[in-house]
Every structure is written in C-alpha cells, then in structure tokens.
Amino acid sequence: MKKIISLMTAFAIAFSLCVVNAEGIKFSGKSVNARCGETVDVIFTVSGNSGISKAELALVWDKSTLTLEDAATGDVFAEGDLSEDKSVAGKYSVSWENDENVNLDGELFTLTFRVADNAEIGSYFITIGVNKLENSTGEAMSYGLSLPNVSVIGAAIDEPTEAPTEAPTEVPTAEPTEAP
C-alpha cells in the first residue's frame, strides 16, 4: 500500500510541476498540515480567469486517509447552475454552467476533510481533473493546475480531560529549631 501511495504522490508531484507554469486560467488548492483525527479545510481557487461558462471538475484523494466531511461553494460559482456529486468515497465531482462568461478570480469551493486516526505521517495529494472547461462560445479553454496536499505531521495531541489542580496559595513554613 505504501508503494502505491508513494508512486501516486511522485506522479502527482511530477504532473503538477509540468503544468504549474501554464499561462491563463489556473486552478489551485491550498496545502495544509494536520494531525491524525483532525479536520482541515482545503480551499480551491481559480486565477487568470479570462471567462468560463462551463466547467466539469473531478477531485480525487486517498480515501483511506482523508474523508470528505463537507463541501462549500465559493464566489466564482455563485451564479449559474451547479451540481455536485459526493457519493463516491475519495472523489468530489462538480459540474457548473452559466449562459455568460464569468471572469471572476477567487474561491471555487472549500472541501473539509477529516484525517484518519491511524493515518501515516506523509503528504497526501488531492488531484484535480478538468473534464470540461469552455467559454460561452463553446471554445475549450487552456488551463494550469497546482495540486494541493494534506500533510499529516503527527498523531493527535491529547487534550487534558481534567482541569488542572490549583497550586496552593500559601507556602508552609517550618519552625526554626535550635542546634544542640
């Protein structure tokens, strides 16, 4: 299993390096650090948006390490028809359409993940697949990608279950004794 995850991570890094410098529209996600058992938000954005009217995106991650808890759309997809599919573990698909081009740069959506209690320390990439990206005339748009990751940095930190006891306010004093 570790070899498969390592191979997928290496492929994701190599792929992201190839397309990060693409001109024009760029889809990216903000990488985050987390501990086992924590919940984290990964924000996905678009920049250099010259005008999109149709988009179909699919995001995939290691479902044994990350569980999707919530998905909230951002300001870029506020207008138009949006449909989401969260029914498959380890995958989030979104399809969006608007009659006119939307030229906004900003937040597409925020995905909230829970990191598995038994997750191994390491980086877990979230791949972004762009199945369709068109402007209002039906022209396919070029784009670049920057893949985010969730870096598991350690085990959960145990919270104290009891309130700490208060230190005594008075310090006991000893009676002086005489030397023999």
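Is Ser28 buried or exposed? Ser28 is buried, because its relative accessible area is 16% and buried means under 20%, with exposed over 50% and partly exposed in between (1.4 Å probe, protein chains only). Here is a friendly tour of the rest of the structure. This is a predicted model, in which local features need pLDDT of at least 70 and side-chain atom pairs count only at pLDDT 80 or more, while totals for chains, interfaces and linings use all residues. Residues are numbered from 1 along each chain as its sequence is written, and side-chain values use heavy atoms, leaving out hydrogens and water.

**Overall layout**

- The protein has one helix and twelve strands; helices (H or I, at least four residues) and strands (E, at least two) are DSSP runs, numbered from the N terminus.
- Along the sequence, the pattern reads α-β-β-β-β-β-β-β-β-β-β-β-β.
- The protein has 180 residues, and 37% of them count as buried.
- Among contacts in the protein with a separation of 6 or more, 77% come from residues 24 or more positions apart, where contact means heavy atoms within 4.5 Å.

**The four-strand sheet**

- Strands in the order E6-E7-E4-E10 make up an open sheet of four, with antiparallel pairing; two strands pair if DSSP finds at least two bridges between them.
- Strand E6 (81-85) and strand E10 (127-134) stand at the edges with a single partner strand each, so one side of each is left without a neighbour in the sheet.
- From one strand to the next, the twist averages 10°; axes are lines fitted to C-alpha atoms, for helices over the stretch in contact, and angles run from 0 to 180 degrees between N-to-C directions.
- Eight bridges link E4 with strand E7 (residues 91-102) in the antiparallel sense.
- Ala58 has Ser93 in E7 as its bridge partner, and Glu56 stands opposite Ser95 in E7.
- E6 and E7 also run antiparallel, joined by five bridges, and here Asp85 stands opposite Ser93 in E7.
- The hairpin of E6 and E7 has five residues between the strands, and Gly90 takes a positive phi near 85° in this hairpin.

**The three-strand sheet**

- A second open sheet has three strands in the order E2-E12-E9, and its pairing is mixed.
- Strand E2 (32-35) and strand E9 (122-125) are the edge strands, each pairing on one side only.
- Neighbouring strands of this sheet are turned by 30° against each other on average, direction ignored.
- E2 and strand E12 (residues 149-154) run parallel and are joined by four bridges; Arg35 stands opposite Gly154 in E12.

**The cavity**

- Rolling a probe the size of a water molecule over the atoms shows where empty space is left.
- The structure holds one cavity of 30 Å³ or more; on a 1 Å grid over the protein atoms alone, a cavity is a set of points where a 1.4 Å probe fits but cannot get out.
- The largest cavity has a volume of about 40 Å³, where grid points are joined across faces, edges and corners and a volume is the space filled by probe spheres set on the points.
- Its lining consists of Phe27, Ser28, Phe44, Thr45, Leu57, Leu59, Leu108, Phe109 and Ile128; lining residues have an atom within 4 Å of a point.
- Strand E1 (25-29), strand E3 (39-47), strand E4 (52-60) and strand E8 (106-115) each supply at least two residues of this lining.
- The lining divides into seven nonpolar, two polar and no charged residues; Ala, Val, Leu, Ile, Met, Phe, Trp, Tyr, Cys and Pro count as nonpolar, Asp, Glu, Lys and Arg as charged, and the others, Gly among them, as polar.

- Ser28 sits in strand E1 and is one of the residues lining the largest cavity.
- Leaving aside neighbours within four places in sequence, Ser28 is in contact with Ile43, Phe44, Thr45 and Ser146.
- Ser28 and Leu145 are 117 residues apart in sequence, yet their C-alpha atoms are 5.7 Å apart in space.
- Ala119 lies in the loop between E8 and E9 and counts as buried at 12% relative accessibility.
- Beyond its neighbours within four places in sequence, Ala119 is in contact with Cys36, Thr65 and Val152.
- Ala119 and Val152 are 33 residues apart along the chain, and 7.3 Å separates their C-alpha atoms.

How values were computed: On a 1 Å grid over the protein atoms alone, a cavity is a set of points where a 1.4 Å probe fits but cannot get out, and a pocket is an open set with protein on both sides within 12 Å along at least five of seven lines; lining residues have an atom within 4 Å of a point.
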